[in-house]
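Here are my notes on the model you asked me to look over. Have it open while you read, as the points go residue by residue in places.

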Amino acid sequence: VVALSIASPALAEDWDFMLTNSTGKPIKSIELAPAGSTDFKPTSEDAEVKRESLIKPGARTTIRFDRPSSQCRFDLRATFEDATTQVFSSANVCDNSYITVKLTGGKPSITAN
């Protein structure tokens, strides 16, 4: 008897969370990567933001992305209007629907709930 193992691909789920920009700078784009990796992928922002092309300081938007079913922690890379970038580390998108990105003394941080 020969047993065959069939490897199933990691399934991705449509996922979203509400992002608040508390950085003080307009954000042009948000990309996500599994925490600790550099495999950043583009996300889909709310249609209203797409029209304006920026997530203004203090604004909220819905971020949509494909989440591998086994992955909960992601790093967020923000590209700002001035073309600078910051990486906000280890947001838990499984347990938190609201993510706030901030720059405190120039250092990136995340608050989640």
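The points below go from the overall fold to the sheet, then to the pocket and a few single residues.

1. Ground rules. This is a predicted model, so to speak of local features we need pLDDT of at least 70, side-chain atom pairs count only at pLDDT 80 or more, and totals for chains, interfaces and linings use all residues. Residues are numbered from 1 along each chain as its sequence is written, and side-chain values use heavy atoms, with hydrogens and water left out.

2. Overall make-up. The chain has nine strands and one helix, where helices (H or I, at least four residues) and strands (E, at least two) are DSSP runs numbered from the N terminus. Reading from the N terminus, the order is β-β-β-β-α-β-β-β-β-β. Of the 113 residues, 30% are buried; buried means under 20% relative accessible area, exposed means over 50%, and partly exposed is in between (1.4 Å probe, protein chains only). Take the contacts with a separation of 6 or more: residues 24 or more positions apart account for 57% of them. Contact here means heavy atoms within 4.5 Å.

3. The sheet. In what order do the four strands of the open sheet run? The order is β3-β2-β6-β7, with antiparallel pairing; two strands pair if DSSP finds at least two bridges between them. The edges are β3 and β7 (85-92), each pairing on one side only. Two bridges hold the antiparallel pair β2 and β3, with L32 opposite K41 in β3.

4. Strand β6. Is strand β6 (residues 73-80) enclosed or open? It is largely enclosed by the rest of the structure, because six of its eight residues are buried. On one pairing, β2 and β6 run antiparallel over seven bridges, and F80 in β6 is the bridge partner of I27. On the other, β6 and β7 are antiparallel over six bridges. Two places to look there are R73, opposite N92 in β7, and L76, opposite F88 in β7.

5. The β6-β7 turn. These two strands form a hairpin with four residues between them. One to click on is A83 in the turn, which has a positive phi of about 75°.

6. The largest pocket. Its volume is about 190 Å³. On a 1 Å grid over the protein atoms alone, a pocket is an open set of points with protein on both sides within 12 Å along at least five of seven lines, and lining residues have an atom within 4 Å of a point. Grid points are joined across faces, edges and corners, and the volume is the space filled by probe spheres set on the points. The lining has 12 residues, and L32, K41, F65, D66 and F74 lie nearest the centre. At least two lining residues come from each of β2 (27-34), β3 (41-42) and β5 (60-68). By type, the lining has eight nonpolar, one polar and three charged residues.

7. T23. This threonine lies in the loop between β1 (12-22) and β2, and counts as buried because its relative accessibility is 10%. Its side chain makes a polar contact of 2.6 Å with the side chain of N21. A polar contact is a pair of N or O atoms within 3.5 Å; within protein, one must be able to donate a hydrogen and the other to accept it, and residues adjacent in sequence count only if both atoms are side-chain atoms. A polar atom of the T23 side chain also lies 3.0 Å from the backbone oxygen of K25. Leaving out residues up to four places away in sequence, T23 touches F80, F88, V101, K102 and L103.

8. T43. Look for T43 in the loop between β3 and β4 (44-45). Is T43 buried or exposed? At 11% relative accessibility, T43 counts as buried. A polar atom of its side chain lies 2.8 Å from the backbone oxygen of I30. Not counting residues up to four places away in sequence, T43 touches I30, E31, L32, I63, R64 and F65.

9. S29. This serine sits in strand β2 and counts as partly exposed, at 26% relative accessibility. S29 and S44 are 15 residues apart along the chain, and their C-alpha atoms are separated by 9.0 Å.

Note on methods
1 Å grid on protein atoms, 1.4 Å probe; cavity = no way out; pocket = protein on both sides within 12 Å on 5 of 7 lines; lining within 4 Å. Nonpolar A, V, L, I, M, F, W, Y, C, P; charged D, E, K, R; others polar.
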